[in-house]
Amino acid sequence: MNKVRVLVAGCGNMGSSHARAYNRMKDDFEIVGIVDKFPENRGRLAKALGGLREFDDFDKALAETKPDAVSINTYPDSHAALTKKAFEAGCHVFCEKPIATNIADAEEIASLAKKYGRKLVIGYILRHHPSWKKFVEVAHTLGKPLDVEMLA
């Protein structure tokens, strides 16, 4: 089996977490580059993972590394545009939530995944997070009806 060549976009908390996971699964994945607009983020991660190729421009990174898949862990307002570019380059995409900031972009991304025959996975860790599991456990003891509203 060939390794999946991954470009990681976004080197903050989630991007670093995903890059470290890919790095631990070296038999199956090869990180071909990391992209972040903040030099300290990408530099720290590149060093921690043994010297990865660094980029500050997504388009350049995509063109030069020619990955099989892209892991998008940037700010939400960039998710749709980066995902579109990755699909157009023939890549599969893992993207942290949300996939887009509006319905039209989300629908377009779903269409592009079908058009290009690419896989799209949306990261949603909350259901696995210990605090969420505890919340669900406690919520079941509160009785019915239960209404939860989360405000940003």
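Axes are lines fitted to C-alpha atoms, for helices over the stretch in contact, and angles run from 0 to 180 degrees between N-to-C directions. The model is predicted: local features need pLDDT of at least 70, side-chain atom pairs count only at pLDDT 80 or more, and totals for chains, interfaces and linings use all residues. Residues are numbered from 1 along each chain as its sequence is written, and side-chain values use heavy atoms, with hydrogens and water left out.

**Exercise 1.** State how many helices and strands the protein has, and give their order.

*Solution.* Helices (H or I, at least four residues) and strands (E, at least two) are DSSP runs, numbered from the N terminus. The protein holds six helices and six strands. Read from the N terminus, the order is β-α-β-α-β-α-β-α-β-α-β-α.

**Exercise 2.** Describe how helices α4 and α5 are placed relative to each other.

*Solution.* Helix α4 covers residues 76-88 and helix α5 residues 103-116; their axes come within 10 Å and cross at roughly 10°. Angles under 35 degrees count as roughly parallel, and α4 and α5 are therefore roughly parallel to each other.

**Exercise 3.** Identify the residues that make the contact of α4 with α5, and classify them.

*Solution.* Contact means heavy atoms within 4.5 Å. From α4 come Ala-80, Thr-83, Lys-84, Phe-87 and Glu-88; α5 supplies Asp-105, Glu-108, Ile-109, Leu-112, Ala-113 and Tyr-116. By class, six are nonpolar (Ala, Val, Leu, Ile, Met, Phe, Trp, Tyr, Cys and Pro), one is polar and four are charged (Asp, Glu, Lys and Arg), the others, Gly among them, counting as polar.

**Exercise 4.** Determine what share of the residues is buried.

*Solution.* Buried means under 20% relative accessible area (1.4 Å probe, protein chains only). Of the 152 residues in the protein, 36% are buried.

Terms used
Parallel < 35°, antiparallel > 145°, perpendicular 65-115°, else oblique. Buried < 20%, exposed > 50% of the residue type's maximum accessible area, 1.4 Å probe, protein only.
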